[in-house]
Amino acid sequence: MTASHRFVCMQIIAFWPVWLWYGQRMLDRSDEPWGILALATVLFIVAQKRTGHIVSRRALIIATTLTLIYAVTFALLPPLLRAIVAVLAIAVTLSGIGYGRTLQAGVAGLLLLSLPLIASLQFYGGFPIRAITAFFSSGLLQLIDYDVQPQGTLLFWQGEVIAVDAPCAGIKMLWTALYLNFTLAAWRDLGLLATWLSTSVTMFSVFIGNVLRSTLLFFTESGIINAPDIAHSLIGIIVFALVASAVLGFHQCNGRATPCAV
């Protein structure tokens, strides 16, 4: 076992409260268990890379600094924020071991997605995302002569009210699209700039997809189109397929880009 491997083992031991909290969140069903998939994916990808790299001095300083921040702020931060600091410290070390980098952004992204984030994102981000989606969906519908007025997360049309409900916030679609993006970024060893660009494209694609889905669902939920119940799920699947195609297409178009070491 190299010094780098011993260092990451020490980090794992030092962050034991995070793993205890993580296990409790996975078992109490207060969040989606999807994080396990992201964790397994990042461990598999790093294992496929050359793990003989020596972690650079800069990476060790950053990882140690993050570990110290974790220790100093332990009593102040909520468990989720402590876990974010911990996985970022481990991401720096794994990036050094697997890639010879200070930070491989795809690895960091997958480790962040491995945390139980979905319930928190739904709680804090669900309403504003739904309100923004309703606003843009009503704009699209007005362009095709439907006098739809938004009010918060509701759409008003001819005395009827169509709600942009919690699933239409698109949090799960965002998680899945980011998982796809970070997996490709880690597998292809994209640099920080390329990963930032692909992540921006992914989030924009999810936003457009979310607005498109809500707009299409307006026609079925309002009764303008008499569709079976399964249409709701089918529209979601089709829209996600379009979003995933956009993410894959962007990575394919940038396939000849030369990875930049950081």
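Author: **One residue and its surroundings**

Val-211 is in contact with Thr-133, Phe-136, Ser-137 and Leu-140, leaving aside its neighbours within four places in sequence. Keep in mind that this is a predicted model. Val-211 sits in helix α9. Is Val-211 buried or exposed? Its relative accessible area is 7%, and buried means under 20%, so Val-211 is buried. Along the sequence, Val-211 and Leu-180 are 31 residues apart. In space, their C-alpha atoms are 20 Å apart.

Next, look at Phe-218. Which residues does Phe-218 touch beyond its neighbours within four places in sequence? Its contacts there are Leu-141, Tyr-146, Val-148, Leu-155, Trp-157, Ile-162 and Ile-224. Phe-218 also belongs to the largest nonpolar core, which has 60 residues. Together with Val-107, Leu-110 and Leu-111, Phe-218 touches the most other members of that core.

Follow the chain on from α5. Arg-101 lies in the loop between α5 and α6 (105-113). The side chain of Arg-101 meets that of Asp-189 in a salt bridge, at 2.7 Å from N to O. Asp-189 is in the loop between α8 (171-188) and α9 (192-221). The pair links distant parts of the chain, 88 residues apart. How many salt bridges does the structure hold? It holds one. Arg-101 counts as buried because its relative accessibility is 4%, under the 20% limit.

In total, 17 residues line the pocket. Nearest its centre are Ile-12, Leu-39, Leu-43, Ile-90 and Leu-94. By class, the lining has 14 nonpolar residues, three polar and no charged.

There is a cavity as well. The structure holds one cavity of 30 Å³ or more. The largest cavity has a volume of about 30 Å³. Which residues line it? From Asp-31 to Gly-35 the lining includes Asp-31, Glu-32, Trp-34 and Gly-35. Further on come Leu-113, Leu-115, Pro-116, Leu-117, Ile-118 and Trp-175. Seven of the lining residues are nonpolar, one is polar and two are charged.

Finish with the backbone. Most residues other than glycine have a negative phi. Which way does Asp-145 go, positive or negative? Its phi is positive, near 70 degrees. Asp-145 is in the loop between α7 (118-143) and β1 (149-151). Its relative accessible area is 71%, over the 50% limit, so Asp-145 is exposed. Gln-158 is not a glycine, yet its phi is positive too, at about 50 degrees. Gln-158 lies in the loop between β2 (154-157) and β3 (160-163). At 67% relative accessible area, Gln-158 is exposed.

Notes: Residues are numbered from 1 along each chain as its sequence is written. This is a predicted model: local features need pLDDT of at least 70, side-chain atom pairs count only at pLDDT 80 or more; totals for chains, interfaces and linings use all residues. Side-chain values use heavy atoms; hydrogens and water are left out. A nonpolar core is a set of buried Ala, Val, Leu, Ile, Met, Phe, Trp, Tyr and Cys residues joined through side-chain atoms within 4.5 Å. Buried means under 20% relative accessible area, exposed over 50%, partly exposed in between (1.4 Å probe, protein chains only). Contact means heavy atoms within 4.5 Å. A salt bridge is a side-chain nitrogen of Lys or Arg within 4 Å of a carboxyl oxygen of Asp or Glu. Helices (H or I, at least four residues) and strands (E, at least two) are DSSP runs, numbered from the N terminus. On a 1 Å grid over the protein atoms alone, a cavity is a set of points where a 1.4 Å probe fits but cannot get out, and a pocket is an open set with protein on both sides within 12 Å along at least five of seven lines; lining residues have an atom within 4 Å of a point. Ala, Val, Leu, Ile, Met, Phe, Trp, Tyr, Cys and Pro count as nonpolar, Asp, Glu, Lys and Arg as charged, and the others, Gly among them, as polar. Grid points are joined across faces, edges and corners, and a volume is the space filled by probe spheres set on the points.
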